[in-house]
Amino acid sequence: MTEGNQTVISWFLLLGLPIPPEHQYLFYFLFLAMYLTTILGNLIIIILIQLDSHLHTPMYSLLSNLSFSDLCFSSVTMPKLLKNMQSQVSSIPYAGCLAQMYFFLLFGDLESFLLVAMAYDRYVAICFPLRYTSIMSPKLCVSLVVLSWVLTTFHAMLHTLLMARLSFCEDNVIPHFFCDMSALLKLSCSDTHVNELVIFVTGGLILVIPFVLIIVSYARIVSSILKVPSARGIRKAFSTCGSHLSVVSLFYGTLIGLYLCPSANNSTVKDTVMAMMYTVVTPMLNPFIYSLRNRDMKGALGRVFCKKKIMV
């Protein structure tokens, strides 16, 4: 489109992943398998929690929401990436790019908030076991989930509206496999100072504060365990918190590596690889972490299969 003497971009070109052409089909089937594993694994967790009454607790209610968030988070980028790799046509319309950015921020932020809620749940379970039921009531659990959705929706909408006010002129090539916010800002021919300021301020609220709250929760948990040191108590705390700590390490580890440890060389390749880690690999691994290291999930899977065999 042309407005006056300025060409306005109506679509973008996604460069995708830095994969040699001869390896495109190999990586296509690899990513397809990873995406299908992500969908199947997270759906199994959601269905198990809904079917098994033993899992109708605050912890597993939050886990169900986390699995839904992971499923959607991966679905924001992977179908488009797979389509582009298959068709070799990597264009995306302007409106589609903004929509992808919105949902990417929404579900990425939602995972961060849900991890905080789960850390608080583990803190209450270990530090106040006798009051756990009264503190982590269904009302509080629902409130934490609703608050997470409201805050992340507002944050994603804010950045999307700020991005929509910018103009994009001649350069429409995004050196990424999805519409990354920072990559879009570099392409804009408008003043982006307001966007950058909002990213700096809200980035602290959405990522840093949740991470600090998780660290504080686990510091209190460790302090509580050390007050009454026993091998049984340590094993119980580890079995209770181990899965959550693994997921937190995966999620925040990749984000810290991407945003706090920049590299001067091959920064675009590094950014793309790290983005693949937290958009594809982490959502795929989460179901395995919670199922393989969690007795309740294994027991629920066994009970559900036993019921089906009896019915047959």
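W149 counts as partly exposed because its relative accessibility is 27%. Here buried means under 20% relative accessible area, exposed over 50%, and partly exposed in between (1.4 Å probe, protein chains only). The model is predicted: local features need pLDDT of at least 70, side-chain atom pairs count only at pLDDT 80 or more, and totals for chains, interfaces and linings use all residues. Residues are numbered from 1 along each chain as its sequence is written, and side-chain values use heavy atoms, with hydrogens and water left out.

**Aromatic pairs**

The structure holds 18 aromatic pairs. Rings of Phe, Tyr and Trp (its six-membered ring) pair if their centres lie within 6.5 Å; planes under 30 degrees apart count as stacked, over 60 as edge-to-face and the rest as tilted. Two of the pairs are set out below.

| Pair | Type | Centre to centre | Angle between planes |
|---|---|---|---|
| F107 and W149 | edge-to-face | 6.1 Å | 90 degrees |
| F211 and Y252 | tilted | 4.9 Å | 45 degrees |

The pair of F107 and W149 links distant parts of the chain. F107 lies in helix α3 (residues 94–127) and W149 in helix α5 (residues 138–164), 42 residues apart. Helices (H or I, at least four residues) are DSSP runs, numbered from the N terminus. F107 counts as buried, because its relative accessibility is 8%. Ring pairs also join F107 and W149 with F68, Y102 and F103 in a cluster.

F211 and Y252 likewise link distant parts of the chain. F211 is in helix α7, Y252 in helix α8 (residues 231–259), 41 residues apart. F211 has 28% relative accessibility, so it counts as partly exposed. Y252 has 4%, so it counts as buried.

**Helix α7**

A kink of about 35 degrees is centred on G203. The bend at a residue is the angle between axes fitted to the seven residues ending there and the seven starting there. Buried residues of α7 include N195, T202, P210 and Y218.

**S74**

S74 is in helix α2 (residues 58–87). Its relative accessibility is 0%, so S74 counts as buried. Leaving aside neighbours within four places in sequence, S74 is in contact (heavy atoms within 4.5 Å) with Y35, T38, P79, T279 and P283.

Key
Helix = DSSP H or I, 4+ residues; strand = E, 2+ residues; numbered from the N terminus.
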